[in-house]
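Student: I have a structure open and would like to go through some of its residues. Can we take them one at a time?

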Amino acid sequence: MRLLKVATCNLNQWAMDFDCNMKNIKESIARAKEAGAVIRLGPELEITGYGCEDHFLELDTITHAWECLKDLLLGDWTDGILCSFGMPVINGSERYNCQVLCLNRKIIMIRPKLWLANDGNYRELRWFTAWKQKDQLEDFLLPHEISEALCQKSIPFGYGFIQFLDTAVAVEVCEELFTPIPPHADLALNGVEVFMNASGSHHQLRKLDYRIRAFISATHSRGGVYMYSNQQGCDGGRLYFDGCSCVVVNGDMIAQGSQFSLRDVEVVVAQVDLDAVAGFRGSISSFQEQASCKTKISSVAVQYSLCQPFNLKMSLSGPLKITYHSPEEEIAFGPGCWLWDYLRRSGASGFLLPLSGGADSSSVAAIVGCMCQLVVKEIANGDEQVKADAIRIGRYANGEFPTESREFAKRIFYTVFMGSENSSQETRMRAKKLADEIGSWHLDVSIDTVVSAFLSLFQTLTGKRPRYKVDGGSNVENLGLQNIQARIRMVLAFMLASLLPWVHNKQGFYLVLGSSNVDEGLRGYLTKYDCSSADINPIGSISKQDLRTFLRWAATHLGYSSLAEIEAAPPTAELEPRRSNYSQLDEVDMGMTYEELSVYGRLRKIFHCGPVSMFKNLCYRWGARLTPSEVAEKVKHFFKYYSINRHKMTVLTPSYHAESYSPEDNRFDLRQFLYNARWPYQFRKIDELVKELDGEKVPFGESSDHEKMGTTLDGGGGMGVIAAGSGNPKAGH
């Protein structure tokens, strides 16, 4: 037997905070050594943090990474343990995303990333170059100060593996695993038995299964030990890196770390028998045949043994059941952990949430409540860092610390119901009941006097006073009156967040939380600069359907029973007066259901459908209940309002990324914000298809009915940029 103990880890790194990152790296090595591991794998770019973005273009960032590596190698951190560290390296004129493999205070080799992540949230080609010379290793001259300190002049740089006396080890970096021809395929044929995947992979709802299936597939048909390490936490941006570091052997998961956690360091250890890998490969005839005619990959020989012989005192890690969270748990724990990292690292004293008693703001409140529960639980489990952060933020004294989530919430969480004459008593009471269940410091304020003051000022300036539509006013008046309420709530929220700590003799400030969901952003069903404008938004990339399911789950599993009543209530902005024959409803205002919005969003973003291809797809999907003409009108209606309101995405509050069809304009969904909202060419093509399906043909160039109709909400021309906040607004308070 060749017994090998390996350690991989989840690290909560912070982009550009080298002290924080080094502290976590050193603690992970110490724990790995304490467990008897001889290989320690860390996340991608762990020394700098993955999310440095354009800071990677600064020479200081590269220099500081080398300084940190020198610190690790001059100490005893790598004595007796092979460590893989992630950092940027400049070779010649090119900047590479690298794993630096070190043992016994020496650098063994530097492995640059072959295939860079450059879609979705990733922009690695902006900062790095992919390594393309795969047929050889080249000599890399170390920076002078590093060379002097380590007594090493040059080291191997490139694509290859390390051949020890008793096994072969190689690196595969994040994206490379998911390419059509991943490196581990050829490396396995060259005799590599241990693969180390350093990753910077973010959370997305229902994504973990895809990732784990890739690890299992990597070793199921070709054998091997596959180690995976990931960052865990918010490292300074919209992404939450969701950990789940693990070890897979011959297609079986034998060790798995947490997906969501408040801990800064989590080390996952496994004991494996490499003879099981050799035996597995020997039993596969096709593997043997392909290995006999393999493409040779360069290697670095190291005269050192990693394995131990047969020893009954060393137990082997066996297969285990893979742990998956339900989507409802993902919504609770992912954004909850992200909020905690943001809170403790921002210097803020807590959160302030405009709480309307509706589904969206109540979801945010429940996530903050979940965060408080996680903090108390982690303190009870003995995490000193979480305890120290909670004591500082909650301003505990005399040795006290949080022991009950409601008491902790009272110290760090304000909720405010900002009602108007249009607000119902039902939503007011729902907001208060939920605040009591969570433990927040709750305020109830009426904004009617402020609204009246604005209207009086407007009347003084213009001689006119707008009226709601139900009172005989026009669409323009109706929208203007709704927008006034929504924007007043935003201004009041920021004022309270900055001054309430002073009122209660606390230092610092509170972060304002937003509560618009991904479907409202896609449709533009929000007022520009209303309570969708906040410091951060934990649900901005979560669909309404998922949020409603989450509310039902949280009512039971988080102990906030009022959420069941909130979920059952029809969504409404409560910005218009209620009458016996009229009550404002979100889906009526939008002209589409939230379920339909999710379908549109996935077709637009995930399946890359324009108006015509979306129409064709929906004819198949909805053809049993809708005619082609009805499908066409729905598609036109969506694209009209999507394009009219796209400009709102340019000022969307930074939101936790959780959904693959997010319209977030900063980095994930890059599109123009000035559209011809009539889509004349595309809509004409749809009309032609409809008439063909009905047995008629439209001559090319004839105007469609929609084009002739034009649009009514933009005040002329049908172009997408219109008065800020026009279109159907939503309070979001």
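Student: Is Glu58 buried, partly exposed or exposed?

Tutor: Glu58 is partly exposed, at 34% relative accessible area. Buried means under 20% relative accessible area, exposed means over 50%, and partly exposed is in between, with a 1.4 Å probe and protein chains only. Note that this is a predicted model: local features need pLDDT of at least 70, side-chain atom pairs count only at pLDDT 80 or more, and totals for chains, interfaces and linings use all residues. Residues are numbered from 1 along each chain as its sequence is written, and side-chain values use heavy atoms, with hydrogens and water left out.

Student: Where does Glu58 sit?

Tutor: Glu58 is in the loop between β2 (39–41) and α2 (59–74). Helices (H or I, at least four residues) and strands (E, at least two) are DSSP runs, numbered from the N terminus.

Student: Which residues form the negative surface patch with Glu58?

Tutor: Asp60, Glu67 and Glu145 form the patch together with Glu58. Patch residues have over 30% relative accessible area and no salt bridge; like charges are joined within 9 Å, and nonpolar side chains (Val, Leu, Ile, Met, Phe, Trp, Tyr) within 5 Å. Asp and Glu count as negative, Lys and Arg as positive, while His and the chain ends are not counted. The place of a charge is NZ of Lys, CZ of Arg, CG of Asp or CD of Glu.

Student: And which residues form the nonpolar patch?

Tutor: Met1, Phe310, Leu312 and Leu316, with about 460 Å² of accessible area together. Accessible areas come from the Shrake-Rupley method with a 1.4 Å probe, and for residues only the protein chains shown count as cover. Phe310 is in the loop between β16 (299–301) and α9 (327–346), and counts as exposed at 53% relative accessibility.

Student: Salt bridges next. How many are there in the whole structure?

Tutor: A search finds 36. A salt bridge is a side-chain nitrogen of Lys or Arg within 4 Å of a carboxyl oxygen of Asp or Glu.

Student: Which residues are linked in a salt-bridge network?

Tutor: Asp264, Asp341, Arg344, Asp389 and Arg392 are linked in one.

Student: Change of topic. Where is His202, and what does its side chain contact?

Tutor: His202 is in the loop between β10 (194–199) and α6 (208–220). The side chain of His202 makes a polar contact of 2.8 Å with the side chain of Tyr122. A polar contact is a pair of N or O atoms within 3.5 Å; within protein, one must be able to donate a hydrogen and the other to accept it, and residues adjacent in sequence count only if both atoms are side-chain atoms. His202 counts as buried, at 4% relative accessibility.

Student: Last one: what is phi of Cys151?

Tutor: Near 60 degrees, a positive value in a residue other than glycine. Cys151 lies in the loop between α4 (144–150) and β7 (154–158) and is exposed, with a relative accessible area of 68%.
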